[in-house]
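These notebook entries record what I looked up in the structure shown below. I kept them in the order in which I went through the elements.

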Amino acid sequence: MAQHLLKGNEAVIYGALLGGATHYFGYPITPASEIAHAAADLFPRCGRQFLQAECEVSSISMLYGAAAAGARAITGSSGPGLSLMAEGLSYLAACELPSVVVDVQRAGPGLGYIWPEQADYNFIVHGAGHGSQSGVVLAPNSAQEMCDCAYRAFALAERYRCTVFILADAYIGQIMEPVELPVTLQANPVKEWALSGDAAGRGNLITSIFMKVEELEERNRLLQEKYQRMAEEIVDFEEVETADADYLFVAYGISSRLCHSALHELRRKGIRAGMLRPKTLFPFPGKRLQELAGQVAKIAVVELSSGQMVRDVRLAVAGRVPVELYNWMGGRVPSTTEIVQRLEDSLAAGPGRSR
């Protein structure tokens, strides 16, 4: 199979097109701009629709309209842009409209700067937008996985009628690596629930307005049941050297690649380290973490934030093992040596130490 040298931000567009994407609406923002650039080039060449919106509020509204008509629509942005999309994301969830949103995280809060961070975790994983709603959250850690996640995203979005988020960071979006493209082009099936102007004259009502308390309560109950099905059916993760591990790293995105190198360095020193990498952040692999908590002496959560994913890890293990946070903020990314040193310092300080 031929390989193509692509940035992660470019690979996600190749994956989306081969996954059946029909429409791209978006506004460029660093470090996600190449997503819009690639879409502007490739969507028209493939007979698909590209439109640069005047802002992110418009782009998410266009996504809503296209999804309601049965299109496979995608957009990409970064933290400030996702903040502007929050209301539209909530409408998409309420109306159960399949869509795909890529977030290439940058340092914040506010305008921040273009350096990499992973501080959109709470926003995306725990409900982008108001109300009791969620979406599937995929966490790629390579250009290849940016492509793969986009390729399967629409099938997931339509299976659960939800937004699928691809939560990357600036390193994963900007990294350039060999990528093998899928060989099968996915079709966009007709949706019986969608609005249509064809001869069938379908005119379904798509709305997020419920004027009776009982109706809105029932809608929310059904949404929660759907999210529970997601948790049971599609949770995904990767394990590295966990069979005999005494110490476990938990990380995603660029942090997981650094931990992969760190655990092998630690093993060369005689310290049995392993890693669990969530490939889905919602649903979260809490059950597997519970199982590993009975085996390891310490868990270290490595993330580029104030400590957001660490809360989900601590909830999962329920105090059965110490959970430490090894974090960096403001766009600073640690070296493998720094991660190794954090764990060695913790071990030297004695059992039970928790940061």
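**Entry 1: strand pairing.** I began with valine 250, which stands opposite leucine 276 in β12. Strands and helices here are DSSP runs numbered from the N terminus, with E over at least two residues for strands and H or I over at least four for helices. I noted that the model is predicted, that local features need pLDDT of at least 70 and side-chain atom pairs pLDDT 80 or more, while totals for chains, interfaces and linings use all residues. Residues are numbered from 1 along each chain as its sequence is written, and side-chain values use heavy atoms, with hydrogens and water left out.

I then took the other partner in β12: tyrosine 247 has alanine 273 as its bridge partner. Strand β11 (residues 247-250) and strand β12 (residues 273-278) run parallel and are joined by four bridges; two strands count as paired if DSSP finds at least two bridges between them. Strand β14 (residues 298-303) is also parallel to β11 and joined to it by four bridges. In that pairing I found leucine 248 opposite isoleucine 299.

**Entry 2: the sides of β11.** Which way do the residues of β11 point? Tyr247 and Phe249 point one way, Leu248 and Val250 the other, and all are buried. For accessibility I used relative accessible area with a 1.4 Å probe and protein chains only: buried is under 20%, exposed is over 50%, and partly exposed is in between.

**Entry 3: the sheet.** I traced the strand order as β10-β12-β11-β14-β15, an open sheet of five strands with mixed pairing. The edge strands, β10 and β15, each pair on one side only. Neighbouring strands of this sheet are turned against each other by 20° on average, direction ignored.

I followed the chain from β11 through helix α9 (residues 253-268) to β12 and recorded a right-handed β-α-β unit. Right-handed here means that, with the strands pointing away from the viewer, the path from the first strand over the helix to the second runs clockwise. Helix α12 lies across β11, β14 and β15, and runs at about 145° to β15. Such angles run from 0 to 180 degrees between N-to-C directions, and axes are lines fitted to C-alpha atoms, for helices over the stretch in contact.

**Entry 4: a helix pair.** I looked up how helix α10 (residues 286-293) meets helix α11 (residues 309-317): they pack at an angle of about 60°, with their axes 8 Å apart. The contact is made by Gly286, Leu289, Gln290 and Ala293 of α10, and by Val313, Ala316 and Val317 of α11. Contact means heavy atoms within 4.5 Å.

**Entry 5: cis peptide bonds.** As background, I noted that most peptide bonds are trans. I found a cis bond joining threonine 30 and proline 31, with omega about 10°. Proline 31 is placed in the loop between β2 (23-26) and α2 (33-45). The bond from glycine 108 to proline 109 is also cis, with omega near 5°. Proline 109 lies in the loop between β5 (99-107) and β6 (113-116).

**Entry 6: positive phi.** Most residues other than glycine have a negative phi. Glutamate 241, although not a glycine, has a positive phi of about 55°. Its place is in the loop between β10 (237-240) and β11, and it is partly exposed, with a relative accessible area of 37%. Alanine 318 has a positive phi near 50°. Alanine 318 is found in the loop between α11 and β15 (323-327), and is exposed at 60% relative accessible area.

**Entry 7: single residues.** Is glutamate 145 buried or exposed? Glutamate 145 is buried, with a relative accessible area of 14%, and its place is in helix α6 (residues 143-160). Leaving aside neighbours within four places in sequence, I listed its contacts as Ala139, Pro140, Arg277 and Lys279.

Arginine 332 is found in the loop between β15 and α12 (336-349) and is partly exposed, at 45%. Not counting residues up to four places away in sequence, arginine 332 touches Leu304 and Glu338.

Glutamine 341 lies in helix α12 and is partly exposed, with a relative accessible area of 38%. Its C-alpha atom is separated by 23 Å from that of leucine 292, 49 residues away along the chain.
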